[in-house]
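Subject: Structure for you to look at

Hello,

Here is the structure I said I would pass on. Please open it first and then read the notes below it.

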Amino acid sequence: MTTHDPGAMLSIGDFAARAGVTTSALRYYESLDLIRSVRTAGNQRRYRRAELRRVAFIRAAQTVGLSLDEIKAALDRLPERRVPDRADWQRLSADWRRRIEDRIARLRDLQEDLDGCIGCGCLSIDRCAIYNREDALGEEGAGPRLGFQTP
Ligand code: FES
């Protein structure tokens, strides 16, 4: 067995070092069933080298903004009975394109709003898009929208 063998087994410390994450992160991912290990006779975790790609996927997906639930749903689509190949991983990441494009569009909007705010600094509740960016109720009009109703 070589170190490039996807079936090679790594201790949690070696696996964490290669994956660039902490051992506690690995335990957490494992508790969510995002990665899997096997136990030795002494009850120590051993990870298949192929699991490194799952950790890389998790970290990249978090960067794109996927929740751990979404990541789990994506990983559950990988084949169970064989080591996932390049095509399997590409299918998963193709779903990210729309999400990245949405994020870029939101950042562009924010950049345009920032242009109006530079040098202002008022953070006005009424008119500042940065301070009150997600104010959906604000589209209904100015002032409080969910206050107490008088009979
Ligand atoms: S800081 Fe004044 S409008 Fe945004």
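**What helix H1 packs against**

The buried residues of H1 are in contact with strand E1 (9-11), helix H2 (23-31), strand E3 (45-48) and helix H3 (51-64). Contact means heavy atoms within 4.5 Å. Helices (H or I, at least four residues) and strands (E, at least two) are DSSP runs, numbered from the N terminus.

This is a predicted model, in which local features need pLDDT of at least 70 and side-chain atom pairs count only at pLDDT 80 or more, while totals for chains, interfaces and linings use all residues. Residues are numbered from 1 along each chain as its sequence is written, and side-chain values use heavy atoms, with hydrogens and water left out.

Which residues of H1 are buried? In this helix, residues 12-19, they are Ile12, Phe15, Ala16 and Ala19. Buried means under 20% relative accessible area, exposed over 50%, and partly exposed in between (1.4 Å probe, protein chains only). These residues lie on the same side of H1 because they cover an arc of only 100 degrees around the axis. The arc is that of the directions from the helix axis to the C-beta atoms. An α-helix has 3.6 residues a turn, so residues three or four places apart point the same way. After H1 comes Gly20, with a positive phi near 75 degrees.

The axes of H1 and H2 cross at roughly 100 degrees and come within 9 Å, which makes H1 roughly perpendicular to H2. Axes are lines fitted to C-alpha atoms, for helices over the stretch in contact, and angles run from 0 to 180 degrees between N-to-C directions. Angles under 35 degrees count as roughly parallel, over 145 as roughly antiparallel, 65 to 115 as roughly perpendicular and the rest as oblique. On the H1 side, Ile12, Gly13, Phe15 and Ala16 meet Thr23, Leu26 and Arg27 in H2.

**The sheet**

An open sheet is formed by 3 strands in the order E1-E3-E2, with antiparallel pairing. Two strands pair if DSSP finds at least two bridges between them. E1 and E3 pair over 3 bridges, and Ser11 stands opposite Arg46 in E3. E2 and E3 pair over 2 bridges, where Val38 stands opposite Arg46 in E3.

Regards
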